[in-house]
Amino acid sequence: MQFSTRTTAPGRMRAGCALVPVLAGKELTAGGKEIDAVHGGRLAKAIRSGDLPAKAGSTLLVQLDGHLPRVLLVAMGDAREATEKSFGEAVRGGLRAAGPLAADEAISLLHEAPVAGRDTGWKLRAQVLIGREIAYRFETLKTRRETQPVRPRRVVLPVQSAGMSAAVAQATAIANGVDMAKDLGNLPGNHCTPTYLAETARKMARELGLKVEVLDTRQMQALKMGALLSVARGSDQPPKLIVLRYQGAGAKQPPIALVGKGITFDTGGISLKPAAEMDEMKFDMCGAASVLGTMRAVAELGLKINLVVVVPTTENMPSGRATKPGDIVTSMSGQTVEILNTDAEGRLILCDALTYVQRFKPSTVVDVATLTGACVIALGHHHSGLFSPSDALAAELQDAGREIGDSCWRMPLDDEYQEQLKSPFADVANIGGRPAGSVTAACFLSRFAKGYDWAHLDIAGTAWKSGANKGASGRPVPLLANFLLARAKG
Ligand code: BES
Ligand code: MN
Ligand code: ZN
């Protein structure tokens, strides 16, 4: 589904279908009235028929003629002003209802409907992101296509000024990043290996003109990344450390760094996970997928920032060579870690990556990880968990997420919790017991996140959906991209 803007008056536009908002069950917007006038009041008549329920997302098809053969009236809800939620429902309902129609190109006037506290740019972006979400398919591993081709293929958004096309360009780049993150997340572990992720990064670097470097086992040994390497020991797949660099600002400006957990399959290792739903542990690289997707969005938009993306990636497997509970390893930072549970592997690969990024002298580092089941228990599937010692950075990330419908909720990170990580034999243990499991995981990371402003996003509950329609969500690409867009402006 491709979105574009046009400054032509809605009444004069030519398309197979138009999505026209109806406010409070009865009222047309300016563009809707224009179309109604050109077509002899047929829209007003259809509304008077009472066949369109006011509930946001309800639709009524009206057959017209000439340069506009049909209109889908889309109810925006009971109130004259939509909420963010009801606007989203209306857009989803309208675009879904347009799917079966024989129209390749649609125009949408839905952004003419008022939304409390939101401007036209926000409404345009929301339409693009929702449309692209509806259009997403992952069928590359099916031999036969199961779903109908996506319709409408093109959606034109009539706007007052040409400047509005920037909002559509932003949302399109973000949607491209989301799609990339979904594709990588949905690919199973036998396809999406650390080597595959590295190849994907190389390809993206070629396409978008980024610097790329992929460190192999020997280079990681030379850097003394004992924590990362301890996770890779049980696997026959070689681990990688992927580094992508984008320069959109002066070379002197310190970069922002994003670090993504890239466990391409998490069996738990010797602390083996139970069999039920273990397939979902192919999603354990969704942090990596999201930072790669965000890099795509940033590079496509040519944002005026410097960005470094670092992805430590490996499988977590049991084997005769695998790390055992009780083993003690030395991390790149020099701190020793007692590995009491080999299933707490995310923090082990991230801690060395957090030490490694120091060489880029970043101003800010955000790591993203499907880190703990405890985060799912704490927050469910709505908000990602946000941990940061910096109130300012936490607020920036919360605002960025809230604005784009990809929210995070701040969790505590007090020193009191560090006690739970005490080890009788090493500097730190890799688990802190059952209480506050997502907090002690963040506390573990905090010991390595030194020399820059830091935040950690635990996306265990938000990166994918379980059940019959299971699949990667692409989160938190919108949050991260929106955060970087704000940084590029500020
Ligand atoms: N990848 C998992 C976290 C996870 C579990 C994400 C379920 C989404 C759903 C992580 O590596 C893990 O296994 N964490 C353990 C930590 C524990 C051993 C301290 C967990 O959450 O059980
Ligand atoms: Mn694990
Ligand atoms: Zn994991």
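1. Donors to a metal are taken here as N, O and S atoms within 2.8 Å of the metal, and because water is not among the atoms, a site may look incomplete. On that basis, in this predicted model, Asp266 bridges the zinc ion (ligand 3) and the manganese ion (ligand 2), and these two ions lie 3.2 Å apart.

2. The zinc ion (ligand 3) is coordinated by Lys261 through NZ, by Asp266 and Asp284 through OD, and by Glu345 through OE, at distances of 2.0 to 2.4 Å. Along the chain, these donor residues follow the spacing K-x4-D-x17-D-x60-E. The arrangement is octahedral because the six donor atoms around the zinc ion (ligand 3) subtend angles of 78 to 175°. For reference, the ideal angles for six octahedral donors are 90 or 180 degrees.

3. For the manganese ion (ligand 2), the coordinating groups are Asp266 (OD), Asp343 (O), Asp343 (OD) and Glu345 (OE), at 2.0 to 2.2 Å, so that Asp343 contributes both an O and an OD donor. The donors are spaced D-x76-D-x1-E in the sequence. The site of the manganese ion (ligand 2) also has six donor atoms, but with angles of 69 to 168° among them it is classed as irregular.

4. Ligand 1 is surrounded by 16 residues, the closest being Lys273, Asp284, Asp343, Glu345 and Gly373. By class, the shell around ligand 1 comprises five nonpolar, four polar and seven charged residues.

5. Several polar approaches to ligand 1 can be inspected individually. A polar side-chain atom of Lys273 lies 2.8 Å from an oxygen atom of ligand 1, and a backbone N or O atom of Gly373 is placed 2.7 Å from an oxygen atom of ligand 1. A polar backbone atom of Thr370, in turn, is 3.3 Å from a nitrogen atom of the ligand. Taken alone, ligand 1 exposes 520 Å², of which the protein buries 77%.

6. As to location, ligand 1 sits in the second largest pocket of the model.

Note on methods
Residues are numbered from 1 along each chain as its sequence is written. Chains are lettered from A and ligands numbered from 1 in the order in which they are written. This is a predicted model: local features need pLDDT of at least 70, side-chain atom pairs count only at pLDDT 80 or more; totals for chains, interfaces and linings use all residues. Side-chain values use heavy atoms; hydrogens and water are left out. A residue is near a molecule or strand if one of its heavy atoms lies within 4 Å of it. A polar contact is a pair of N or O atoms within 3.5 Å; within protein, one must be able to donate a hydrogen and the other to accept it, and residues adjacent in sequence count only if both atoms are side-chain atoms. Accessible areas come from the Shrake-Rupley method with a 1.4 Å probe; for residues, only the protein chains shown count as cover. On a 1 Å grid over the protein atoms alone, a cavity is a set of points where a 1.4 Å probe fits but cannot get out, and a pocket is an open set with protein on both sides within 12 Å along at least five of seven lines; lining residues have an atom within 4 Å of a point. A molecule sits in a cavity or pocket if more than half of its atoms lie within 2 Å of its grid points. Ala, Val, Leu, Ile, Met, Phe, Trp, Tyr, Cys and Pro count as nonpolar, Asp, Glu, Lys and Arg as charged, and the others, Gly among them, as polar. Four donors count as tetrahedral if all angles lie between 85 and 135 degrees; four count as square planar and six as octahedral if opposite donors are over 155 degrees apart and all others between 65 and 115; anything else is irregular.
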